[in-house]
Amino acid sequence: IRLAPQRAILELPDHLISQIAAGEVVERPASVVKELLENALDAGATDIRLRLVEGGKTLIDITDNGCGIAADQLPLAITRHATSKIRSLDELEHVESMGFRGEALASIASVAQMRLTSRNDDAHHATSIDNSSGTWQHQASSGEVGTRIEVSHLYYNTPARRKFLKTDGTELSHCVEHFTRAALANPHCAFSLSHNDKVSAFYPVTDWQTRIQDVLGKNLPEHAIWVNQAVGELQLVGMICPPDVARARADTQYAYINQRFVRDKVVNHAIRTAYADVLHHARFPAYVLFLDCPAQGVDVNVHPAKTEVRFRDSGAMHQFIANALKKSLAQTASSRITTSND
Ligand code: ADP
Ligand code: MG
């Protein structure tokens, strides 16, 4: 056997490290949408406007009225592992912001053209940085307090990845899904969405029940059951459907932990358990559920996309969710019987 001569070990250039990392964070336009929405929400925005062109493949343009970024901090915003959100391991364990890894903007900028325009409360004008010429250019700019990020031509510099993108329609529907998830969990913020310059959604600031109704529209199940249960520091609010209107497909299922959309085995199983006696096996309940618990009770640092979580005490969590939903289902069932007896 002939061994290949070993090549010298070299440190990868920063740009290539970001492109490799981007593979984990930026799977498709929708992942960019998710990261940028989370950043806007972390900045305290109460108004977020999202514009997409050609399913987000050509342009993702998001404007928020959040706190903005100081001009001299803009280069750090697009630097890998630079974040304003955590400072220490202890803060990581108590993290309440959506972001904390400090790599989304750097990753996105390494696989797309990006212009970041921002202004904070102290600044007299906005400042923008732009990498479309190949290097970052700084410029004084105009704009209100807040941030606008324009991401164009995703994967223009990595054609192999660009080929994996699907049709505009498919990419758009993934983007809309992330937009919907964010809108459901943040009724304190107005959201608007346009695609190819046609407005496709607008949700004004409201309370969580109205937001669920606004977002689900005709997909809101008939006789939706409103959930509002608390035990100690655990709280569960949201909407579940009565068992008899459950669907044949597992759509309209949204679960959140501390406002973060999650897919979690413990949560799913607890929901199934609550419906176990009343729901046919092949039917799926529609739900939008917001679980609130102390941040240190849940580890969100499991995967870069952060839709997976680990509970410190998953048994207690399972029991709380299952009991809370069983109670809500039972209360509704008995009130329905009472009304029909009237
Ligand atoms: P992370 O969100 O994990 O901190 P990002 O790469 O997404 O990392 O963002 C880097 C930093 O840029 C953030 O920590 C934040 O300080 C700043 N930033 C990004 N987007 C916004 C925004 N829309 N408004 C205000 N600051 C922002
Ligand atoms: Mg972020």
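These legends describe close-up views of a predicted model.

View 1. The protein splits into domain 1, residues 14-205, and domain 2, residues 220-341. Their centres, taken over C-alpha atoms, lie 30 Å apart. Domain 1 puts 13 residues into the contact, and domain 2 puts in 13 residues.

**View 2. The side of domain 1 that touches domain 2.** Helix 1 (14-25), helix 4 (89-93) and helix 7 (168-185) each provide at least two residues of this side. Helix 7 contributes the most, with three residues. By class, the residues on this side of domain 1 are six nonpolar, two polar and five charged.

**View 3. The shell around ligand 1.** The shell holds 22 residues. Asn39, Ala43, Thr83, Ser84 and Gly99 come nearest to the ligand. Helix 2 (29-42) supplies at least two residues of the shell, and so does helix 5 (104-111). Nine residues of the shell are nonpolar, eight are polar and five are charged.

View 4. Eight strands form an open sheet in the order 5-4-3-6-2-1-7-8. Their pairing is mixed. Strand 5 (137-141) and strand 8 (198-203) are the edge strands, each pairing on one side only. From one strand to the next, the twist averages 10 degrees.

**View 5. Strand 7 beside strand 8.** Strand 7 covers residues 190-195. Strand 7 and strand 8 run antiparallel and are joined by five bridges. His195 has Lys198, in strand 8, as its bridge partner.

**View 6. Helix 2 on the sheet.** Helix 2 packs on the sheet and touches strand 1 (47-53), strand 2 (59-64) and strand 6 (146-152). The direction of helix 2 makes about 10 degrees with that of strand 2. Helix 2 also supplies at least two residues of the shell around ligand 1.

**View 7. Helix 1 against helix 5.** The two helices pack at an angle of about 105 degrees. Their axes are 8 Å apart. Angles of 65 to 115 degrees count as roughly perpendicular, so helix 1 and helix 5 are roughly perpendicular to each other. Helix 1 brings His15, Ser18, Gln19, Ala21, Ala22 and Val25 to the contact. Helix 5 meets them with Ala104, Ala106, Ser107, Ser110 and Val111. The contact has six nonpolar and five polar residues, and no charged residues.

Methods. Residues numbered from 1 in each chain as written. Chains lettered and ligands numbered in written order. Predicted model: local features only at pLDDT ≥ 70, side-chain atom pairs only at ≥ 80, totals over all residues. Domains from an automatic or database assignment. Contact = placed C-beta atoms within 7 Å. Helix = DSSP H or I, 4+ residues; strand = E, 2+ residues; numbered from the N terminus. Nonpolar A, V, L, I, M, F, W, Y, C, P; charged D, E, K, R; others polar. Near = placed C-beta within 6 Å. Pairing = 2+ DSSP bridges. Axes fitted to C-alpha atoms, helices over the stretch in contact; angles between N-to-C directions. Parallel < 35°, antiparallel > 145°, perpendicular 65-115°, else oblique.
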